[in-house]
Amino acid sequence: MACVIFLINFSPYFQTFMTTTLLEKEKQTTHFSFTGRGSEYFAIEIVNIVLTIVTLGLYYPWAKAKSLQYLYRKTELAGTPFVFHGTGKEMFIGFIKGLGVFLVLYAILIYGFISEDPGTLLIAYGVFLLGLLAILPLALHGMMRYRTSRTSWRGIHLGYRGELSDMYSTYLIGFFLTILTLGIYGSWFVVKLRKQMIDNVRFGNVRLRYVGDGGDLFLIHVKGYFLSVFTLGIYLFWYTKNLLHFYVNNIVVLQEDGTYSRLQCQVSGWDVLKLTVGNILIVIFTLGLGIPLTTTRTMSLIMNNTVMSGQFDADALVQTEEAYDSATYESMSDMMDIGVI
Amino acid sequence: MIFEGKYYNGQSSKGMPAQITLLADGLRIDYCADEVTGSVHWELAGMHPSEFNDATTLLRYGKFPQQSISVVDKGFKEALLQQYRGAAFLKSGYNSVLSLGFSGIAIMALSLLGLLVAFLIWGVPALADRVAMHFPESYERALGEQLYTKMLQGYQVNDKKTAALNAYLSELNTDLDYPITAAVVTSDEVNAFAIPGGYVVVYEGILDKMEHHEELAALMGHELAHIRNRHSLRAMTRSLSYYMLASVLFGDVSGVAAVLVDNASTLRNLEYSRTLELEADREGLELLRRNELNEQGAILLMERLQSGSELEMLAFVSTHPNTGDRIKVLNELIAETKRPAKEKPELERYWEQLKGE
Ligand SMILES: [Zn+2]
């Protein structure tokens, strides 16, 4: 499960925004950048917290929409910002759906604990896990559809063309193979899932491809695990850097004319170390109030160190999505956003 | 006024150089790229709210696929604000907060932090107290019984002394709605504590220290006051609500269930505030009076606890600080109402059984 959570945390940004190329001829570099400022985002989050408290939590989805609107607006590709079109109302509906599912699952689990009967607890725990297993593909699919359809750049919307049934088969097969192989297949599973998600993203007439290999990820994990143990955890920062590079740098952006470019993330292990230590200190010394600053610091580091290199023609994108408020976007899963990132 | 910018038509990502004119009823955008030239009119009503703009102003218009313009000119933003004061697309509560500047934001953050701390220090205990006071008695009793059983599992119960203590308590006029269940456990620790719902656990160590049964009556009076006023339940709900708050913050919901079940161990270490202790002392004294017992028992008990040998860790004292102060308060209370004490042979008899080896 841990790897899946990790993936959820990292994917939405990169799969939608990134690409890289290794082609030789006239390679050009297109920059990502993050222009948001900690103080501004902090102020927005303060307003969000106050309104959320005053409304006893009801404002939360609107708060979420506002912070996303800010973060997208301050994330630029080739000097033009992204736009997040999601609204508080949409996120409220998604939030209620997600909350409903999780409340039911947790109620079952807590019932198991309170009954104090080992048999009941075991059954409750089983139902809880099965429920999670059944809901995660739906949630991933819904999140991809929702987030991509609500993202635009220079007026061109992203979109997700993946099928829910494919998501389920990829997920369930991968999950059981991972269990059967005692976790070893996990790396290949994560890569399959990323392929399923990223390969189905459209950015106007541009397609994305995820070209990572499960074996490479497995090696990163093995190396990361042992070196982290030997270095008493210090290597964890380089381990994180390797994972970040693996997730980002394997995204290829294909244009219609066959040219392509690749994402390149140049964050180093030292950068990750400085970022992490700084973030921890901020959170501790502000009693958690400084969390918005850690978000902008993280975004700055990653976005300002990521480029798209190859033949990306920022002027050649063409709108291919249909209006997202059409009936096709009204199914149960579409708005279910468990609210990661 | 005319500004230079880029126009995106919603069909292509190509930014077309454009001249933007601010008219009374909206914007006119004249664009020109390669062979294509054209002009569009944006009505104010169709323009989308634009927040978080910086040096670059981004405006969007119409239904999907939206058209947009981007103007890198600070003057444009000001011109918009002047020309279309109060227009819907310019309204933003967030932008007005952002314009408060550093000190304004800092003041907001500090007051929020203050509120948060105040909520943790006063709000949570007050809420927990309310919950504890409205807890139905049958639940309190059921919870207490569970905790009592759990707690006794770790100890050896002295059955003979337990029987004597219960007999002693039934002779006392305790003025408590609950049936009282007490147990004496084998331990050198000088301690005793109250469990919600009418349960009391007394350690042999504290009994050994006593020489008069009035001291026992004073101890029981004190512990029963904790129960009657739901002190222990209140302390439990407090610590539980902090725990729940922490688990919600760190996203560990299943931990709450575990703590509900496993509160027996924490109960031993609960500390009451000074006010609650004095309240229990005062009501404990009431019990001595009601039973026409020598009120000096309460003082003796305190002194007994205070004069324990230096090295001996007195658990009861450690969870009940300020013994000297409490003796002073008790002395004042006793001086107020001097009353003659009576002999109670029944109580004496059970006391002998309790002390007998
Ligand atoms: Zn006490």
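Thr57(B) stands opposite Val71(B) in β6(B). The two strands, β5 (residues 56-61) and β6 (residues 67-72) of chain B, run antiparallel and are joined by 6 bridges. Strands here are DSSP runs of E with at least two residues, helices are runs of H or I with at least four, and both are numbered from the N terminus. Two strands pair if DSSP finds at least two bridges between them.

This is a predicted model: local features need pLDDT of at least 70, side-chain atom pairs count only at pLDDT 80 or more, and totals for chains, interfaces and linings use all residues. Residues are numbered from 1 along each chain as its sequence is written, chains are lettered from A and ligands numbered from 1 in the order in which they are written, and side-chain values use heavy atoms, with hydrogens and water left out.

**The β5-β6 hairpin of chain B**
- β5(B) and β6(B) form a hairpin with 5 residues between them.
- Gly62(B) in the turn has a positive phi of about 80°.
- β5(B) is largely enclosed by the rest of the structure, because 6 of its 6 residues are buried (under 20% relative accessible area; exposed is over 50%, partly exposed in between; 1.4 Å probe, protein chains only).
- Thr56(B), Leu58(B) and Arg60(B) are buried on one side of β5(B), and Thr57(B), Leu59(B) and Tyr61(B) on the other.

**The three-stranded sheet of chain B**
- An open sheet of 3 strands has the order β7-β9-β8, with mixed pairing.
- β7 (181-185) and β8 (192-195) are the edge strands, each pairing on one side only.
- Neighbouring strands are turned by 15° against each other on average, direction ignored.
- β7(B) pairs with β9 (residues 199-203) in the parallel sense over 5 bridges.
- Ala183(B) stands opposite Val201(B) in β9(B).
- Helix α5 (residues 159-171) packs on the sheet, touching β7 and β9 (contact: heavy atoms within 4.5 Å).
- The direction of α5(B) makes about 145° with that of β7(B) (axes are lines fitted to C-alpha atoms, for helices over the stretch in contact; angles run from 0 to 180 degrees between N-to-C directions).
- Helix α7 (residues 213-228) lies across β8 and β9, running at about 30° to β8(B).

**An exposed tryptophan**
- Trp122(B) is found in helix α3 of chain B.
- Trp122(B) is exposed, with a relative accessible area of 62%.
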